[in-house]
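Here are my notes on the model, as numbered points. Please read them with the coordinates open.

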Amino acid sequence: MKPVFHPALVNGPCGDPAVYVDFLFEKRAVLFDLGDIRTLPVRKILRLSDVFVSHAHMDHFFGFDWLLRLCLGRDLGIRLFGPAGFLDQVEHKLSAYTWNLVGGYSTDFSFEVSEVLTETLGRRASFRCHTAFRREGETEFPIENRRLLDELNLAVEFVILDHATPCLAFALREKRHLNVWKNRLVELGLAPGSWVRDLKHALLTGQHEDTPVRALMRDGARLREAVYRLGELAPSLVHVSEGQKVAYVTDAVYHEANAARMVALAAGADQFFIEAVFGDELNERAARKYHLTARQAGTIARRAGVKFPTPFHFSPVYQGQEEALEREFRHAFLTGGRK
């Protein structure tokens with residue numbers, strides 16, 4: 001299966017938390033947490049459609065100003081999501097600047113900001129450049145199935161974790177993975193093109209098997225249009241499988257209620273980014289600071305049955321000792337935490 005989502009830590013395991021997820025075949029990306037993002041190329045930042053912020057501690061929200069600076073003056077819109085109180089926090093950030101000249105800008109960059117009040121209720125408002133980023137159109141909205149995004153073939157789900165403040169964890173999920181076999185294209189004498197995207201869209205939207213599909217057929221050195229029935233072409237050309245899943249967890253104290261939420265969110269994830277701030281020898285310090293140890297994180301990853309876990313958010317006290325945390329995490333992941 002060729003993955004659609006390509007996630008990567010922005011700052012490695014020791015820097016500010018941020019995971020950038022690029023989308024294959026789309027000029028789009030999403031970001032989990034908004035720590036320092038100055039190492040990201042500008043072109044990657046400008047691909048962002050959605051940013052999911054776990055909470056507004058500085059190391060998770062420091063990059064907001066850089067994001068704003070790069071997008072200002074461009075005809076873009078970005079959706080931001082965060083925990084309860086997030087609307088006020090974004091508003092305060094924006095109101096710290098002077099906007100007396102933006103009314104004359106030719107573009108109207110905007111944020112649509114949503115905060116999670118409960119697992120079933122959210123609040124949303126907009127902030128636009130041309131109105132000096134005043135808070136507009138505030139409204140509450142229902143949340144179903146803990147989904148912040150629910151699009152044709154992807155969803156972003158969340159759980160609320162305890163970090164002595166509400167902290168969100170997220171999972172990005174491809175609902176179904178559609179793979180077009182290139183060898184079948186060749187066998188059928190078909191050429192790739194935009195029609196393949198239309199074919200996939202017809203399958204994802206559940207269109208009737210008699211729906212016509214206009215494909216490109218090779219006719220010697222030329223291409224010509226050929227019309228097929230969806231039910232005739234799709235079974236021999238498209239393989240449908242379970243979609244990809246990427247989960248992200250950071251800043252949460254270890255107790256069973258928290259652990260159960262993390263496990264449920266990340267269950268079966270292909271890639272799982274989870275904080276591992278301290279070693280097990282500092283588990284009391286981890287509890288006081290409402291963070292996970294590497295052993296706790298590895299145990300959670302094992303319970304969730306994830307395929308490829310990535311520990312991150314290592315404490316500065318482990319500078320130069322990162323491999324020790326990695327080993328502790330991997331041992332717990334492989335053994336379930338047995339010493």
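1. Start with the pocket lining. Helix α6 gives the largest share of the lining of the largest pocket, 6 residues. Keep in mind throughout that this is a predicted model.

2. The space in this largest pocket comes to about 1000 Å³. Its lining counts 31 residues, and those closest to the centre are Leu24, Phe25, Leu178, Arg197 and Lys200.

3. What is the make-up of the lining by class? The lining of the largest pocket has 15 nonpolar, 10 charged and 6 polar residues. Arg197 and Lys200, among the residues closest to the centre, belong to the charged class.

4. Next, a helix pair. Two packed helices are described by the distance between their axes and the angle between them. For helix α10 (residues 294-304) and helix α11 (residues 322-335), the axes come within 7 Å and cross at roughly 35°. The crossing of α10 past α11 is right-handed.

5. Which residues make this contact? From α10 come Ala294, Arg295, Ala297, Gly298, Thr299, Ala301 and Arg302. They meet Leu325, Glu328, Phe329, Ala332, Phe333, Leu334 and Thr335 of α11. Sorted by class, the contact of α10 with α11 holds 8 nonpolar, 3 polar and 3 charged residues.

6. His331 also sits in helix α11. His331 and Pro7 lie 324 residues apart in sequence, and their C-alpha atoms are 24 Å apart in space.

7. Now the backbone. Most residues other than glycine have a negative phi. Ala132 has a positive phi of about 55° and is not a glycine. Ala132 lies in the loop between β7 (121-128) and β8 (135-142). With a relative accessible area of 30%, Ala132 is partly exposed.

8. Ala164 is the other alanine to check. Its phi is positive, about 65°, though Ala164 is not a glycine. The loop between β10 (154-162) and β11 (166-174) holds Ala164. Why does Ala164 count as exposed? Its relative accessibility is 58%, and exposed means over 50%.

Methods:
Residues are numbered from 1 along each chain as its sequence is written. This is a predicted model: local features need pLDDT of at least 70, side-chain atom pairs count only at pLDDT 80 or more; totals for chains, interfaces and linings use all residues. Side-chain values use heavy atoms; hydrogens and water are left out. Axes are lines fitted to C-alpha atoms, for helices over the stretch in contact, and angles run from 0 to 180 degrees between N-to-C directions. Helices (H or I, at least four residues) and strands (E, at least two) are DSSP runs, numbered from the N terminus. A crossing is left-handed if the near helix is turned anticlockwise from the far one by less than a right angle, and right-handed if clockwise. Contact means heavy atoms within 4.5 Å. On a 1 Å grid over the protein atoms alone, a cavity is a set of points where a 1.4 Å probe fits but cannot get out, and a pocket is an open set with protein on both sides within 12 Å along at least five of seven lines; lining residues have an atom within 4 Å of a point. Grid points are joined across faces, edges and corners, and a volume is the space filled by probe spheres set on the points. Buried means under 20% relative accessible area, exposed over 50%, partly exposed in between (1.4 Å probe, protein chains only).
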